[in-house]
Structure formats: structure tokens, C-alpha cells
Amino acid sequence: MPSEKAENKGDFVEELLDWLASLRLTVFTMIFLGLAVLLGTIVPQIDISLPRQALAEKMADPVWRLMSRSGLLDVFHSVWFLFLVALLMVNLAACTIRTVRRTRRLVAATSEILDDETETKAGLTTRVRATAASLGALERRFAAIGPVQRTEKNGAVHLFAQNSPLFRYGVVIVHCSLLFVLAGALVRALVGVEGQIALPEGGSVNVFAAKNDELMRLPFDVRCEKFAMEMYPGTQRPKEYRSTLSVWQDGKKIDEQTIRVNHPLSVGAFHFYQASYGEDEFPVLRLTGPGLTTELPVVAQQVQSIPGRRDGFIVDQARREAETLEVHVLLTAGGDQYDAWLREKGPAQNLGPYAVSFVGVRQGYYTGVMVTADPGVRLLYIGFGVFFVGLFLAFYTSHKRVWARIAGGEATLAVSASRNREAAKAWLDETAAAAKG
Amino acid sequence: MGALLREIASGLASGQAAPTSAALFDLSFLAFIAATIGYLIYLGARRDTAWRAGFGCGVLAGASLTGALALRWIAAGWSHPPFTNMYESLVFFVWGIIVVYLVVEVRWRVKIAGAFVLPLACLAMGLASLSPNKEIEPLVPALQSVWLHIHVAVASIGYAAFLTAFVFAVLFLFKDKVRMAWFVAVAAGFVMFAVLAASRGAVLLDGEFPMDKTVASPDGWMKVALPGGAEGQYEKTAVPGAGPLMLATLFLAAVTAAAAVAALRRPEGGVDKFAAQATFALFVLLTFTGAWLLFRAAQMPDTRLAANPYSLALLVLAWLFVLLVVVFHWRRDELLAALPAADALDRLGYKAVMVGFPLMTLVIVTGAVWANKAWGRPWGWDPKETASLVTWIIYLLYLHTRLTVGWTGRRSNLIAIVGFLSVIFTYLGVNLLLSGLHAYASGG
């Protein structure tokens, strides 16, 4: 019996929808989310800029490892936190679907004539004595609400008007906006990247260390042309710090902009924020390779890239040997690793396809730049916009339906409003007065 | 008064914005006190003359405060609106309170709420006037954004709307004849929280009541000692004698709360009376302790009251809560007669939340957009962000239960009260107890 089967299946879907839309699920999810947020606020969370080495040392401690594995040290990115967010989204979505269906049914079932059933359901009704002028007066009042539909049935004249049923969907739209916001958060947590880079003046980079020291590659090189800072006169309060960054692709400069706090640079999907600054000493290396000669000031312990190439290196150690400074360079080119100790002002050494020499040490500022790529932020902003539209509809508009029946010298009026009953009552009283003439 | 007006007139004539602003602030403070007295007399004697005087002074207070803020803004330049440190933030909060209150009173015709809202405005004005550093401070780079204007302005008005909703909710519960023991329990509980939070637990842990020191920074700016040592501790110093007094207050508050809870388990009667008497004792002790604290701290050379705005605000708020309960108990019948009907109060509270909720949402939204511009992330679970989200969810619950389940009356108003406690925690508690990115709002 196929029809019964289909019905059963329908029941199952309905039941599942009911369960997913249930208030119990909302409360359950919210309580657990609350606990998670509490944990994330109380337990000190792991610093994303923690170097891999420090991380490895800490991981040796079994308690720390357990806490880290269970996500306690990074609650807001842990699998179970994201699962709870997703569960809340499903709950919200199911609830929204149910509300939409119920509202559509209610709007579709609206009768255009004022029969007894409609009169009982409307909630607000009144009766007045009708005169010859009543019909015209009522039609004018109704037209102010919406298009008037006039039906004649069993010797009675029925009038019906309603304003936009959209006014009933305010709460639904608010729910949808929250879905956008939560989706934005999920997208950010799942595919968004962020990392910090330190760039001395003249430094250039096309990789950065994201979360867990994972290397992310930029499809272009970013070079710090200039860094400047300003204090308020006579104080130690920073007024402004700014970095001029240029963007290079295939050996050509495609963009140059000055970033400040609150004024980031966007290149494609990537955004660069002025985050911090500092002063330090930087070894300057000269690299010569096929079709390339460049001098780069480098930040120790930070992965460096060779401009325009996919090769990279890191200066990981420094030592003084007989009054001369030496740095240890680890270079990766074409999948192979090379390393060497370079002496200050000493001869160049061949590291794979590159000849590298240590030119000297330069003292100066570096700019701390935060790099992010977050496709979720658009969803978030859409959600914000939609939220206020929905809230406006939910708070300040009301879906009004009005009916009138004129028969035997008597006019019966009925109003149904999705919110603000007092205003609807006032309208009804005014209309009754108008109908009396 | 005359001298003040002359000062304002001459300041305006000579085009000096900053001193005129300060004089207007003083005028506004006086008007607030006068308005509070007017409304209190109206509450007690129900004379329309008193209300008219109170309302007039309220309008004057609002107008002169608007002038003071506008001139301060002019003095600092357009990029620098007058709400970038604790002093300015408090003054702006008061501005939000008076604007929201006047609108509420004119639109919804509830004269009596002024007697409850205006003392809170006076308290905030008093705290602001204690501030040693009323100079206009230059902005650090993160604050140099157009979002600062919107974010803080909206927060002030939104919090003021929630404050109004809170007052209506408390009045509703009172009018609805909720047992006094409930009020006692909540007020005593709040006193315990305030004493512990204001001392950051030191009352219980060390038997002392420490306050943050003000130190002169090398560049001459007076500021609160910033987290210094490796542990990130504030530099603080114990106020002599305040520790035992605070401990006694804490103990008495605990006894009062316990008495109230015990009373609630029995039918109304003698136990309630004991709880009420305990509240009165608590009020006396709290008043004495507070006076002692103010007196002693003022004598200590390196401690300024204004370096501890959050601690003081919490304590004075606790004092006001207890005072409210005392007034409720001793003037019960008069107050019950003076208040509008319970369902009218219920609706007024709802309307105030309907104003506050969109604004609170806007606070979070502008905060997220700004954070994304300045720090590259719209949301970072900073304690202030988390607390504001919790506040938002509580009011969401309030609206949701009203709109879908049809909750009104006691349960609904209870949520509004919890919501406002969360607002207090967001505005004051977070900065006291947790460190975070909003620390620049705490500078003295």
C-alpha cells in the first residue's frame, strides 16, 4: 500500500522536524554553548602565535596534551563547539520552516467573506447600525489598509482588505538573519585563516604562519616600503603608526597603500591589518639566483620567502665566532633543503640554486601586520542587515486583516492583527464611528 | 548659581569651549540634584508643583548636559567625541538616562518613575565629578574610528533604556505585591557580589579592601596603574580599617539573604519582618562603611577615588538597591497607591526593552564591524564581547517568551531584572574582574 507508506514517511519527517524545532533542543544547545563559553572565558586559551617549538614542549606534558586534544585550550575552534553551533543552526532552521509553513497556511486560509467562523476567530468585532452611506465610508476606511474585495452572498455585502502578509514574517526574517550570522561564524572557523607577520622596512613576504604554525602561501608578495610612527607631542602616547605596503605579482607592482589601525589593505581574499610595531636588529641577506638579485632584512625565527618564488628560508640561529657574527640559514628550494652558517660580510655560499651572503645587521623598526582571509564575514554582514529589517517588521508593523458584513441595516466589523491589539482596537472603534455616519 | 551662570555666559561670549563645558556640567549636576529632590517630594507628597519643578529641573539638567558634551566635542575636534575615557563615558551614560527618561515621561505619562531613575543619574554624575582627569585625552590609534561614535553613543542610550525597563520591572513586582523577602534576598545578594567584586575577592581572601593607586606616568598623564608585573596585577593599596568593615557588611548581607530565603519557605509573617529589619541594619552598616571608605581614601595621598570607578559604582549601586528595599518596606502603602496599575507598568517595561534591544543589537553589530576593521576579526570572545552577548540573549529570552509563549507579569519582569544585572556586569563587572580589550575605558 504505497499511499500509506508515503504517509508514514511524511509522519516521520514531520516528527523529525518537530524534534529538531523543539524548544527542548534549543534549551539543551544553549545550555551547552553557555558552558562552553564559560570554559573558554575561564580557562586561559592558547595563543595562536605560539611557536611550534614551544607548543611541542608543552605537548610533552600528558595533562596539557589531554586538554589540548579535547579542545579545552581552544574552545571556540573545537569540533564540539562548532557542532553545537551547527546544532543551533539546525534547530533555528527547523523552527523557521515550521513557522513559515504555519503562517502560510494561516494566510492562505483567510476567508474573504465574514462568516460566523471568521467572526469568532478574528478576535475583535463590533456591530453598528448601517445607513445608506455606511458602505461607502467603510470602503474608504478599508482602502487605507489595502485593496478592497467586495463579495455579495445571500443578500449580504462582504468587504475584505488586508495589508501585506509580509508583516507577519518579521520574526522569521530575524531567525534567518541569525542563521546567516551563525553560518558566517562557522565558515570563519572552518575555512578562515589568520596569522601575524613581522616586516622590517624593505622586507618582503609571500608566506605566513597561520594557526598551529601551518604555513599559508599568498598568491603575491607583500613588501614593507616604509614604516612611520607618531607620538602626541610631549607624551609617550602613540598617535598613529602606519606602514606603506606594496603588492607584487610576476615581478610587477600591482598595488601600494598605506595601512593604519582601522584602515586595512585588502588584496583579493586577503586583508592586512596594522596590528603592532617594534624595534629590533635584522640580519640583511643578499640572495642571487637565476633571474634574481635581492637584499632582504629578515626577522629571526620567522619563515621568509624569496620574492616571486615558492622557495623559502629561515634564519634560526645566530652565534659569535671570533668577534664575527654568524647566522644559520635553512633554505628550501624545489623541495630540497639546504643549510649553512654565514659570516657577517663573509663570502656568499651556494644554497641550492641561490648564492646567499650575510651583508650586515640593520637596526630599525618592523611593522606587525595581521593577515586574514575570511569568507564568512560577508555572511555575517548580510545577517546584520537582514536582522534589522526583520526586527523592524516584527516590532513596528502588524499584518492587519479587516472584514465587514452589511445585511439588514446592520454592519458587522471584524479585525485581526498579528500584533499591537490596542492599535487594532482603536482602528475598529474609529471605523465603527465612520460607518454610523 | 549666579556665578556659574556668569561663567557660562562669559565663556560663551569669549568662545572658550572647554571651561564653559565644565561650568555647564556643574550646572547640570545641580539641576539633577534639584530634579531628584522634586521627584522625591512628588513621590512622598504627590504635589503636582513638586513634579513640575522636578520635571523642569530635569529638562534643564538634560539641556545643560547636552551643551556641556557638545562644547567638549567642539573643544576636542570632530574626530574625538566626548566619550573616550571613564569620565566622559559616565557623563554620556547620564545623558542617555535623562534623554530616555524625559522621552518616556512625556510619551507615556509616568511621573513617578523619575523618583527612581533620577537618583541613579545623580549617582553617575557624582562619580564622574570625582574624576581627577577631566582633561580631554588624545585618542590611541584603535579608537580613531567613526565606529567609536556610533558604538558608544548607541551603548549609552541602549543601557539607559534597559535601566528604565529595570525600574519599571521592579515597580511592577512591587505593585504586584511580590513578597518583600524576594527583594531583600536579591538586594542582599547584590551587596555580597558588589563587595566581593569591588575588592576583587580581597575582602574574603586577605581581610582587606584594596583600591587601585593612581600614579603619575612619565609623560605627566594621571592614570590608573596599568597591569605591571608578570602576573598582570594592578598596583593597589589597602584602605585602613575598610577591610573589617567590608567583611562585616559581607557577613550581615549573607545573614540578611539567608533570613530572606528562610522567610520565603514559610508563610508570610514574622520572619519577613526579621528580614526587613536585617535589611535596615545592612543599610546602616553599608552607609557607614561607604562613608568610611570615601573618608579614608580621600586622606590617602596616592589613592584617588576616581581611579576605582567600577568598584565605587558597584558599591553605590548596591547601596541604592538596599535603600530601595528599605523605602519599599517602610512606605509600602503610600507607594502602592501612588504607582500606576500593574499591567501598565508591565507594558511600559516591555516598551523600554523594545527600544533597548535593537540598540543593544546595534552595539554588538557596530562592535563587530569595528573590531573587524581594527583587529581583523569581528568576534574574539573577549570578556566584554561575551558579556554583551549574554545580556543580549537574556533580553532575547524576555522578548521571545513574551511574543511566543505569552509570558507577562512576574516571570517576564524577573527576566528584565536579570537582564539589567547583566548590563551592570557588562558595563562595570567585566572591567573589574576580567582583563580584556576594553581596558582603555577604565583610565582615570
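Domain bounds, as used here, come from an automatic or database domain assignment. For chain A that assignment gives domain 1 (2-105), domain 2 (114-163 + 399-436) and domain 3 (193-373), and the centres of domain 2 of chain A and domain 3 of chain A, taken over C-alpha atoms, are separated by 76 Å. The model is a predicted one, in which local features need pLDDT of at least 70 and side-chain atom pairs count only at pLDDT 80 or more, while totals for chains, interfaces and linings use all residues; side-chain values use heavy atoms, with hydrogens and water left out, residues are numbered from 1 along each chain as its sequence is written, and chains are lettered from A and ligands numbered from 1 in the order in which they are written.

The areas themselves come from the Shrake-Rupley method with a 1.4 Å probe, and for residues only the protein chains shown count as cover.

Further along chain A, Arg98(A) has its place in helix α5 (residues 79-108) and is partly exposed, with a relative accessible area of 27%. Arg98(A) and Asp18(A) are 80 residues apart in sequence, but their C-alpha atoms are 8.1 Å apart in space. Arg98(A) touches Asp18(A) and Ala21(A), not counting residues up to four places away in sequence, a contact meaning heavy atoms within 4.5 Å.

The setting of His399(A) is a loop between α9 (376-396) and β18 (400-407) of chain A. His399(A) is buried because its relative accessible area is 0%. Its side chain makes polar contacts with the side chain of Gln162(A) at 2.9 Å and with the side chain of Arg168(A) at 2.8 Å; a polar contact is a pair of N or O atoms within 3.5 Å, where within protein one must be able to donate a hydrogen and the other to accept it, and residues adjacent in sequence count only if both atoms are side-chain atoms. Among the other residues that His399(A) touches, not counting those up to four places away in sequence, are Val107(A), Phe167(A), Ser416(A) and Ser418(A).

Arg150(A) forms one with Glu152(A), the closest N and O atoms being 3.5 Å apart; Arg150(A) is partly exposed at 44% relative accessibility, whereas Glu152(A) is exposed at 59%. Glu295(A) and Arg286(A) meet in another (3.2 Å, N to O), and Glu230(A), Lys239(A), Glu240(A), Arg242(A) and Arg260(A) are linked in a network of salt bridges. Glu422(A) forms a salt bridge with Arg347(B), with the closest N and O atoms 4.0 Å apart. This pair crosses between chains, from helix α10 (residues 421-436) of chain A to helix α13 (residues 342-375) of chain B. Glu422(A) counts as partly exposed at 49% relative accessibility, and Arg347(B) counts as partly exposed at 34%.

Buried residues make up 57% of the 444 residues in chain B, and the chain exposes about 17,700 Å², of which carbon and sulfur atoms supply 68%. Of the contacts in chain B with a separation of 6 or more, 79% are accounted for by residues 24 or more positions apart. In the loop between α6 (146-175) and α7 (180-198) of chain B lies Lys177(B), whose phi is near 60°, a positive value in a residue other than glycine; Lys177(B) is exposed, with a relative accessible area of 53%.

Technical notes
Helix = DSSP H or I, 4+ residues; strand = E, 2+ residues; numbered from the N terminus. Buried < 20%, exposed > 50% of the residue type's maximum accessible area, 1.4 Å probe, protein only. Salt bridge = Lys/Arg side-chain N within 4 Å of Asp/Glu carboxyl O.
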